[in-house]
Amino acid sequence: MNNSLRLIGTAAVIVILASLSGLASEYMLGIGFTLFMYIALAQSWIILSGMTGYISLGHVVFFGSGAYVFVLLWGLVPVWLGVAISGLVVGIGALMIGYPVLRVRGPYFVILSFGLAELVKNLVLINEARMYMSLRPVFGAPPLAQLYIAMLVLAVVATALTYWIRRSRFGAGLRSIREDEWAAETIGVPASRLKLIAFALSGLIPAMVGAIFIMRSGIFQPGDAFNPIVSFTIVTMAIIGGSDDAAGPLLGVAFLVILQELLWANWPEIYMIILGVLLIGFVLFAPGGILGWCSKNLSRSKKNAA
Amino acid sequence: MDILFSPQLLAAALITGVLYALISLGLNLIYGTMRLLNVAHGDLVMIGSYIAFMAFSLFNVGPLISMFGAAIICGGLGWLAYRSVFQNLLSNSEILARLEENSLLLFFGISVVVQNLVILFFTADRQGYEYLSAIVEIGDVRLTGARLAVLIVGSVVSIAAVLYLRFSLFGLAINALIQNRDASAIVGINVDRVQMFSLVIGFGITGLAGALISVLEPITPVMGFPYTMSAFVVIILGGLGNLWGGFLAGLLLGFLEIYGVAVTGPEWRSVLVYGIFIGILIFRPQGLLGRGRVAR
């Protein structure tokens, strides 16, 4: 009963958000677009990093590669097919590099993920310089209302995927890797395979997000598409939200997107400083994020009442 | 191919190598004794550079003197960081369980804050100054006085630091802590004190290196990150916590980078450093000189 009510409520919210595409102003659509974009990115990040504990500090590599594949295909295939292909290409690429990359554990993986993103960025930069392309314009992209809907779909799919994985046998396997990979392998969890699948799934959606983002910005520049700030924002959002559940990042994303909207254009340094302070504060004082902090303190007050 | 055998290139590689050795020594101390992954390490280089720059432009004090100021100020920051945050952190079991990841995120936050504060105060523009720019000739090699000074000071400080840490009583205590933290406490080493001084010395050496670097390249608030990456490459290459291995690996990376760029071209510089880094992590995570597995 409760579950079906919740399902209906969620569906209603999604329908309302979708119908806004015809009603809301360009400005509001833009904010909604950014909101959905980061929801999709943060949820994808959770699939790998939240569940397995392999913290990726370079998730922008999927976003940027997706954007790059899409831009290379621009004009050659229909727009939405291009989006799907870029997701697939990056997903397959993730499967191919995943095995050696995921053998690197713990803090080394964190640094490796960042280095990998920077390496790919520099390779794309060199490739573009060879082709005498410092930037690539994307002309004739679909209107913002359509991009808004597309991003909403990705956000919903990513959230549903995270929600489902979290409750599946697959998700239980992933979380056992986070708690103790050796022990998990010992009791027969196929750790390498699960990690690899999580890695590919975690890259698939950000690649499509990157492709759609390029249509919105109208221009592809390697420095922007592979901007490490995107990775950092994703990590901070997920950590502020806390928990490996689908609800966690929603809180963090909403909070940071509003902050970004208020500060980014005029005071980018202040935005970054607040981001940094939040990250420090949450790691030191609320390692479980907003969600973890709430549940901890609520249960404490319940105990006190009883 | 002639250029590959020129003494000029050799000197350039030595200078880069010595600086890498110096910077990564600080990182190695901090990681080795406390398992803190200091991804803000390069920002200390940046702070050291700005201190030298300010000293020169405000008081007309050259970097060979202000480097001591940079070392003291950065060492002071290390003391402050230890007393205010890490002392508590290292005794908090909840955080200690995932110390490396948590310290990484923490230092990452610190790095973002520091970089942006510096942008607010000094703008994001490149800055620099002229110091000892006359050319000195030694045999076939032509160097600016500043580069020669960096080479000499860098070599002296890094070798002195490695020797001190290897042979002094305090250095032995640090080595003991690197090998086994709990056991060192049992044999009567004051772990708290050694940790604090490791952080102070590590930060101080890096600040000094920053002051030296400020005469070689224009300084910006975001100049630090490549040094963080290089320092991590070096300490993984040399074996985590292995100070002597780190010194050799610093020189090696300097050579790889300078000669690699001479062969391929300047646009490949980042690809080279990141490529070496990724290759090492994937294929030889215990380092070139390392024995056995990386401590987890």
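Two residues are taken to be in contact if their C-beta atoms, placed from the backbone, lie within 7 Å. The model is predicted, and local features need pLDDT of at least 70, side-chain atom pairs count only at pLDDT 80 or more, and totals for chains, interfaces and linings use all residues. Residues are numbered from 1 along each chain as its sequence is written, while chains are lettered from A and ligands numbered from 1 in the order in which they are written.

In chain B, 77% of the contacts between residues at least 6 apart in sequence join residues at least 24 apart. The secondary structure of this chain consists of twelve helices and two strands (DSSP runs numbered from the N terminus, with H or I over at least four residues for helices and E over at least two for strands). Their order from the N terminus is α-α-α-α-α-β-β-α-α-α-α-α-α-α. Chain B is as compact as a globular protein of its length, because its radius of gyration of 19 Å is close to the 19 Å that the globule rule gives for 296 residues. That radius is taken over C-alpha atoms, and the rule is 2.2 Å times the number of residues to the power 0.38. Along the principal axes, the C-alpha atoms of chain B fill a box of roughly 55 × 45 × 35 Å. Of the 296 residues in chain B, 49% are buried (20 or more other C-beta atoms within 10 Å of the residue's own, all placed from the backbone).

Between the chains, 30 residues of chain A are in contact with 31 residues of chain B. On the chain A side, two or more residues come from each of helix 4 (79-102), helix 5 (106-130) and helix 13 (268-285). Helix 5 gives the most, with 14 residues. By type, this side of chain A has 23 nonpolar, four polar and three charged residues; Ala, Val, Leu, Ile, Met, Phe, Trp, Tyr, Cys and Pro count as nonpolar, Asp, Glu, Lys and Arg as charged, and the others, Gly among them, as polar.

Helix 5 of chain A meets helix 12 (residues 269-283) of chain B, their axes coming within 9 Å and crossing at roughly 145 degrees (lines fitted to C-alpha atoms over the stretch in contact, with angles from 0 to 180 degrees between N-to-C directions).

Technical notes. Buried ≥ 20, exposed ≤ 12 C-beta atoms within 10 Å, placed from the backbone.
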